[in-house]
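Here is a short tour of one protein model. Please keep the sequence and the 3D view open as you read.

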Amino acid sequence: MTTTDPRTWSIGLVGYGEVGRIRAEDLKARGSAQVTAYDIQLGTPAETPLRAHAARHGVALAADHRDLAQRADLVVSAVTASQAVDVARACAPAMRRDAWFLDFNSASPGAKRRAAEFIDGAGATYVEGAVMTSVPPYRIRVPLLLGGRGASTLAPRLEALGFDAKVASERLGVASATKMCRSVMIKGLEAMVIESFTTARAYGVEDEVLASLAETFPGIDWEKQGSYFFQRVIQHGRRRAEEVREVAQTVREIGLAPWSASGTAERQAWMADLADRGVFGDRSAPRGNWRAEADRILRELKDEGKR
């Protein structure tokens with residue numbers, strides 16, 4: 001039976017990428033004795049760094065979703081948006097009846113409700129989580145909104161584990177709607193900056209454009225912000241594209257055509273395609289200036305025109 005003291009819980013992490021590994025490190029550092037992880041890359045050639053990280057930090061690795069779920073008092077799902085419902089479906093049959101399922105995925109309110117049906121139907125308790133900014137600077141203390149009938153009960157227990165959790169609503173979908181509507185703006189701004197700055201660079205008017213933006217929005221360092229946006233999209237464009245497709249679905253669920261979100265998803269996916277082709281070199285490498293990345297894009301476009 002799950003105890004009320006979360007420090008004794010067995011915690012299962014579904015998704016062991018950058019964010020999953022950060023959570024594992026912080027949970028172990030804060031005294032969580034039992035942390036288990038599962039990732040679909042286990043059993044593939046890409047598993048080596050995952051296994052090395054797990055061994056270094058004392059994290060157990062599960063064989064599959066069911067293996068992880070049956071061990072866990074708390075399952076934390078943090079995968080790509082398109083897999084959110086599938087993970088809940090895979091974990092549900094093995095969930096303990098008194099266990100918790102925390103869904104961190106950037107999915108639409110409709111997807112969260114479908115995921116909840118599997119978990120609640122198995123007798124466990126589903127809580128949605130919406131991460132409200134980039135994880136790495138904050139690590140486990142990234143601002144987190146919770147939603148669902150168990151949110152107010154789970155929130156103080158997550159705080160005891162080190163999370164910065166705040167209840168948005170007992171009504172499922174409110175937290176995810178907040179996240180998705182924010183992403184219309186944030187991910188859209190990334191896509192617009194890449195499109196605007198690269199085009200300005202091609203015409204040789206980037207200095208004039210940045211000066212105009214600085215006059216209109218004096219609180220933003222557009223040179224620095226542009227470089228940051230390019231780097232994040234080069235590194236995480238694929239994941240962002242999937243998230244923004246869920247953003248578009250969130251807009252669609254209220255009957256509004258998601259023209260902006262759909263375009264953002266296409267631009268993010270296009271950047272991911274370029275990164276996959278090696279246009280930007282090592283995508284994980286630090287990047288100093290957006291102009292160098294825009295020049296790489298422009299050279300690729302020129303080469304494509306010659307093919």
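This is a predicted model: local features need pLDDT of at least 70, side-chain atom pairs count only at pLDDT 80 or more; totals for chains, interfaces and linings use all residues.

Residues are numbered from 1 along each chain as its sequence is written, and side-chain values use heavy atoms, with hydrogens and water left out.

**The sheet**

Helices (H or I, at least four residues) and strands (E, at least two) are DSSP runs, numbered from the N terminus. An open sheet holds 8 strands in the order E3-E2-E1-E4-E5-E6-E7-E8. Its pairing is mixed. Two strands pair if DSSP finds at least two bridges between them. The edges are strand E3 (60-61) and strand E8 (164-169), and each pairs on one side only.

|---|---|---|---|

**Strand E1**

How many residues of E1 are buried? The count is 5 of the 5, so E1 is largely enclosed by the rest of the structure. Buried means under 20% relative accessible area, exposed means over 50%, and partly exposed lies in between (1.4 Å probe, protein chains only). In a regular strand the side chains alternate between the two faces of the sheet. In E1, Ser10, Gly12 and Val14 point one way. Ile11 and Leu13 point the other way.

**Helices on the sheet**

E1, helix H1 (residues 18-29) and E2 make a right-handed β-α-β unit. E7, H7 and E8 make a right-handed β-α-β unit too. Right-handed has a set meaning: with the strands pointing away from the viewer, the path from the first strand over the helix to the second runs clockwise.

Helix H7 (residues 151-161) lies across E1, E4, E5, E6, E7 and E8. H7 runs at about 170° to E8. Axes are lines fitted to C-alpha atoms, for helices over the stretch in contact, and angles run from 0 to 180 degrees between N-to-C directions.

**A helix pair**

Two packed helices are described by the angle between their axes and the distance between the axes. The axes of helix H8 (residues 174-203) and helix H9 (residues 206-216) come within 8 Å. They cross at roughly 140°. H8 and H9 are therefore oblique to each other. Angles under 35 degrees count as roughly parallel, over 145 as roughly antiparallel, 65 to 115 as roughly perpendicular and the rest as oblique.

Contact means heavy atoms within 4.5 Å. H8 contributes Ser196, Phe197, Ala200 and Arg201 to the contact. H9 contributes Glu206, Val209, Leu210 and Leu213.

**Two single residues**

Ser106 sits in the loop between strand E5 (100-103) and helix H5 (109-121). Is Ser106 buried or exposed? Ser106 is buried, because its relative accessible area is 16%. Not counting residues up to four places away in sequence, Ser106 touches Ala81, Lys179, Met180, Glu243 and Glu246.

Arg239 belongs to helix H10 (residues 222-252). Its relative accessible area is 34%, so Arg239 is partly exposed. Arg239 and Gly17 are 222 residues apart along the chain, and their C-alpha atoms are separated by 11 Å.
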